[in-house]
Amino acid sequence: MKLIATGLLLFLVSFAGKENRIVEPGEIITDSIPAQLKGDFTDDYGIHYSISDRVWIQHPNIKYHIIRCNTSDQYLIARNDHQNTSEAGLYTRIDYMSFDNMAPYGWGFCLTVYNAKTDSLAETTAKADKKNPKKGCNGFPFSRMKETGL
């Protein structure tokens, strides 16, 4: 009986809808993020970041595990690390955009949604207004990023 129940559970999980899917930390279901977003950065508030294909770290101890990148619409979907002090284990949508004539700031981001229960909800709940980067992040400006070394 236990073997049948286990088999049924595995069958149901393999056909579970995307909207109910739980993505585990470290699981990658995306291609590489744009090169512009990779590296060590400081935003215009003085916060330091380290970003790779797999993880977005807001120093000293906030981590987002990147699970999907949509380069055409310029956003990432990430799972909040289980050790984060708030919204641990939930999902975040990070919208990003390039900036022209704002040196030393080359791009900016918005944590559009940071507390969604699933990756699909994070992706579809909201999106930033990239036509208005001064107020397009839920009424606030996008955080501008400049490359640095830590």
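What volume does the largest pocket have? About 250 Å³. I'll come back to that, but some housekeeping comes before it. What you see is a predicted model, where local features need pLDDT of at least 70 and side-chain atom pairs count only at pLDDT 80 or more, while totals for chains, interfaces and linings use all residues. Residues are numbered from 1 along each chain as its sequence is written, and side-chain values use heavy atoms, with hydrogens and water left out.

Okay, the pocket. By pocket I mean this: on a 1 Å grid over the protein atoms alone, an open set of points where a 1.4 Å probe fits, with protein on both sides within 12 Å along at least five of seven lines; lining residues have an atom within 4 Å of a point. Points are joined across faces, edges and corners, and the volume is the space filled by probe spheres set on them. The largest pocket has 15 lining residues, and Phe109, Leu111, Cys137, Pro141 and Ser143 are the closest to its centre. Strand S7 gives the largest share of that lining, 4 residues. Strands here are DSSP runs of E, at least two residues, and helices are runs of H or I, at least four, numbered from the N terminus. The lining splits into 11 nonpolar, 3 polar and 1 charged residues. For those classes, Ala, Val, Leu, Ile, Met, Phe, Trp, Tyr, Cys and Pro are nonpolar, Asp, Glu, Lys and Arg are charged, and the others, Gly among them, are polar.

Keep an eye on Phe109, please. The structure holds 5 aromatic pairs. Rings of Phe, Tyr and Trp (its six-membered ring) pair if their centres lie within 6.5 Å; planes under 30 degrees apart are stacked, over 60 edge-to-face, and the rest tilted. Tyr49 and Phe109 make an edge-to-face pair, 5.5 Å centre to centre with 75° between the planes. That pair joins distant parts of the chain, 60 residues apart: Tyr49 is in strand S2 (residues 48–51) and Phe109 in strand S7 (residues 107–116). Why is the pair of Trp56 and Phe109 edge-to-face? Because the planes are at 75°, with the ring centres 5.0 Å apart. Trp56 sits in strand S3 (residues 55–58), 53 residues from Phe109. Tyr49 and Phe109 are buried, and Trp56 is buried as well; buried means under 20% relative accessible area, exposed over 50%, partly exposed in between (1.4 Å probe, protein chains only). Ring pairs tie Phe41, Tyr49, Trp56, Trp107 and Phe109 into a cluster.

Now to the second largest pocket, which holds about 170 Å³ of space. Its lining includes Gln74, Tyr75 and Arg93, and by class it has 2 nonpolar, 2 polar and 8 charged residues. The charged end of Arg93 sits over the ring of Tyr75, 3.8 Å from the ring centre. That "over" needs NZ of Lys or CZ of Arg within 6 Å of the ring centre and within 35 degrees of the ring normal.

Most residues other than glycine have a negative phi, and most peptide bonds are trans. Gln74, though, has a positive phi of about 55°. Gln74 lies in the loop between S4 and strand S5 (75–80) and counts as partly exposed because its relative accessibility is 25%. Asn138 also has a positive phi, about 55°. As for cis bonds, His59 to Pro60 has omega near 15°, and Ala103 to Pro104 has omega near 10°. Pro60 is in the loop between S3 and strand S4 (62–70).
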